[in-house]
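Please report on the charged contacts and the nonpolar surface of this model. Keep it brief.

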Amino acid sequence: MKKVVNILTIAGFMFLGAIQSTQAQEAAETSKGFRQELKQRFIEGDPGFMGIVLVALILGLAIAIERIIYLNMATTNTKKLVASVDEALSSGGVEAAKEVCRNTKGPVASIFYQGLERADEGIDAAEKAVVGYGGVQMGLLEKNISWLSLFIALAPMLGFMGTVIGMIKAFDTIAVQNDISPAVVAVGIKIALLTTVFGLIAAIILQIFYNYIVSKIDSIVNNMEDASISLIDLLAKYKK
């Protein structure tokens, strides 16, 4: 009986392995077919306009990826930083707290450092430094976002322009051949629709990245504001 169970178990694993192998092969064939279809549609949709839309998509993705990397590197565990600064202020004073900020990456640590630099001038001076440098850091977080917005707007507009040009070509063909049959206008209409679709796809992809980046910036800014308030409270406690 035990041998039968072992045989059935081995057979089951072999069957599952065969199914997974078949699924992987089908997925690879589907991916290859999709790439070929996409390449064919790109060529059919007038490479001139499709190429411009593709350039807009590539540039937009480059900006989006750069911003995502920068924002992820700018993300700091603010609670841990505040606790470290509090401990440093209690044990070693302002200089020890500044050393903690120097050894920590991110905009929050930079803001803390600027506030601590003005700590000897009073709480008001430290608060002004924190607010002023916070604006600088916010500008760095939002750098190049306007360009990403431009490419989001530009991609569908280029697609619609290709649509208009495709329709003009279709009417030119009708005028030349003096025939309004479907075969005559099909090519122009096909170009028009393909450029529109490609432009909309590019805009949708970039819009998804844009929304993620904006939400990430909002999260970092909220942490910066909360941490700045905590720093002022720590300095007020340290001065007493």
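This is a predicted model: local features need pLDDT of at least 70, side-chain atom pairs count only at pLDDT 80 or more; totals for chains, interfaces and linings use all residues.

Residues are numbered from 1 along each chain as its sequence is written, and side-chain values use heavy atoms, with hydrogens and water left out.

**Salt bridges**

The structure holds four salt bridges. The term means a side-chain nitrogen of Lys or Arg within 4 Å of a carboxyl oxygen of Asp or Glu.

| Pair | Closest N and O atoms |
|---|---|
| Glu95 and Lys98 | 3.4 Å |
| Glu117 and Lys98 | 2.5 Å |
| Arg102 and Glu99 | 2.7 Å |

Glu95, Lys98 and Glu117 are linked in a network of salt bridges. Glu95 and Lys98 both sit in helix α3, residues 78-102. They are three residues apart, about one turn of the helix. Helices here are DSSP runs (H or I, at least four residues), numbered from the N terminus.

Glu117 forms its salt bridge with Lys98. This pair links distant parts of the chain, with Glu117 in helix α4 (residues 107-117) and Lys98 in helix α3, 19 residues apart.

Is Lys98 buried or exposed? Lys98 counts as buried, because its relative accessibility is 8%. Buried means under 20% relative accessible area, exposed means over 50%, and partly exposed lies in between (1.4 Å probe, protein chains only). Glu117 has a relative accessible area of 33%, so Glu117 is partly exposed.

Arg102 and Glu99 also form a salt bridge. Both lie in helix α3, three residues apart, about one turn of the helix. Arg102 is partly exposed, with a relative accessible area of 42%. Glu99 counts as partly exposed at 36% relative accessibility.

**Nonpolar patch**

Which residues make the nonpolar surface patch? Phe160, Leu200, Ile204 and Ile208 make it, and the patch is about 390 Å². Patch residues have over 30% relative accessible area and no salt bridge; nonpolar side chains (Val, Leu, Ile, Met, Phe, Trp, Tyr) are joined within 5 Å, like charges within 9 Å. Accessible areas come from the Shrake-Rupley method with a 1.4 Å probe; for residues, only the protein chains shown count as cover.

Helix α7 (residues 182-239) gives the most to this patch, with three residues. Ile204 is found in helix α7. Ile204 has a relative accessible area of 53%, so Ile204 is exposed.

Note on methods: Helices (H or I, at least four residues) and strands (E, at least two) are DSSP runs, numbered from the N terminus.
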